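Here's a quick briefing to read with the model open in your viewer. Take a look first, then work through the notes below.

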Amino acid sequence: MPHSPERSSRRAASTLLRLLAVTLLTVPASAIVMSTPAQAATETNFFSGTISAGASASWVWNNANPHSAVYKVGLSPIGASTSAACAFEVTNEWYERLNTGERKFHFTIKNVGSIACGTNVILSSLDGSTIGSTGGMDPSEIKTFSTQLTQIGQVFDMGLIGLLPSGATSSNTCRFKVLRTWYQRVPQGDVAQPVYLRAEVQNIGNIACSADVLKGVTPTESRLTQRTLNAGSSITTTWTNAVPTTATHVINVEPVELGCTMQITRHYYRQVINSNGSAERQLTLTLKNIGSAQCSARPLLSRI
């Protein structure tokens, strides 16, 4: 159900208490419009401040409740010039659980452009359900999980993977991250050809512990142009006019042929200044064929 005004006010009032900022040194396609589900929420929206080209900044979302929530970070860069885009990428995301039961969500963004600028950071969530448990995993251990994506007519529901760690001690928290996700079409029975979302999950903490693997679901809104790629090859596509600027985009892939295995290896947001002086937000993504044969796939987008 949608959040009540009281709950929304409490979220806004607690944002500064829940976010800890640490600066580190260091082509559009036809759209299929569907309603965004009620369980989607914008947790917070804030400005990063100016970040130098090549530098990063990190935040942590404390009290990441409910524990079934699956998080996704969207970015809306600000500060492009007529000669240079402002570009930002999410470079790291992970979940932490304390022995008190509190769950935290950590994320890092990086200025991947050529000029100093900033970005609005949009932390969004989907209500998730458990698709499996890692069981006990040692530090650095990796396991793979799979879940089928539901097809309604010719439109797929989108999947987003999150984690609920468990097993922290008084001296060590339990920390897990999703290393990568990919998509594969497989034969099932005589005629079924479902698409599976697969995810690699890693224990990135210092102690053996476990995590529930969660999947949030949202309808597909847009299907980008179908691409045919040789095994091991990639292609980069830009989704122009990525509005509204307050939206976080979920990206999935719909492989076409049986056995086709595709991955989104990178995505980032840009602001560009058009020749007429208007500012435009763009989403650039890279699709890679990680299978052993040439095949085709179509990137899918949704907004939360």
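Arg 185 and Glu 254 meet through their side chains in a salt bridge, 4.0 Å from N to O (that is, a side-chain nitrogen of Lys or Arg within 4 Å of a carboxyl oxygen of Asp or Glu). Arg 185 sits in strand E11 (residues 174-185) and Glu 254 in strand E17 (residues 249-255), so the pair ties together parts that are 69 residues apart in sequence. Keep in mind that this is a predicted model, where local features need pLDDT of at least 70 and side-chain atom pairs count only at pLDDT 80 or more, while totals for chains, interfaces and linings use all residues. Residues are numbered from 1 along each chain as its sequence is written, and side-chain values use heavy atoms, with hydrogens and water left out.

A word on the labels: helices (H or I, at least four residues) and strands (E, at least two) are DSSP runs, numbered from the N terminus.

**Salt bridges**

- Arg 185 counts as buried at 7% relative accessibility, and Glu 254 counts as buried at 9% (buried means under 20% relative accessible area, exposed over 50%, and partly exposed in between, with a 1.4 Å probe and protein chains only).
- Shared partners join Arg 185, Arg 223 and Glu 254 into one salt-bridge network.
- The structure has six salt bridges.
- Arg 266 is partly exposed at 34% relative accessibility, whereas Glu 89 is buried at 13%.
- Glu 102 also forms a salt bridge, with Lys 104, and their closest N and O atoms are 3.6 Å apart. Lys 104 counts as buried, at 15% relative accessibility.

**Aromatic residues**

- Searching the whole structure turns up six aromatic pairs (rings of Phe, Tyr and Trp, the last by its six-membered ring, pair if their centres lie within 6.5 Å; planes under 30 degrees apart count as stacked, over 60 as edge-to-face and the rest as tilted).
- In one of them, the ring centres of Phe 46 and Trp 59 are 5.2 Å apart with planes at 65°, so the pair is edge-to-face. Phe 46 belongs to strand E2 (residues 41-47) and Trp 59 to strand E3 (residues 56-61), so this contact ties together parts 13 residues apart in sequence. Phe 46 and Trp 59 are both buried.
- Trp 59 also pairs with Phe 107: the ring centres are 5.9 Å apart and the planes at 25°, so the pair is stacked. Here Trp 59 in E3 is linked to Phe 107 in strand E6 (residues 103-111), 48 residues apart.
- Trp 59 is buried at 7% relative accessibility, and Phe 107 is buried with a relative accessible area of 1%.
- Phe 46, Trp 59, Tyr 71, Tyr 95, Phe 105 and Phe 107 make up one aromatic cluster.
- Elsewhere, Arg 180 lies over the face of Trp 182, 4.1 Å from the ring centre (the rule asks for NZ of Lys or CZ of Arg within 6 Å of the ring centre and within 35 degrees of the ring normal).

- A cis peptide bond joins Asn 65 and Pro 66, with omega about -5°, and Pro 66 is in the loop between E3 and E4.
- Val 243 to Pro 244 is also a cis peptide bond, with omega near -5°. You'll find Pro 244 in the loop between strand E16 (234-239) and E17.
- Asn 63 isn't a glycine, yet it has a positive phi of about 50°. Asn 63 is in the loop between E3 and E4 and is partly exposed, with a relative accessible area of 37%.
- Ser 140, also not a glycine, has a positive phi of about 75°. Ser 140 lies in the loop between strand E7 (118-133) and strand E8 (142-149), and is exposed, with a relative accessible area of 52%.
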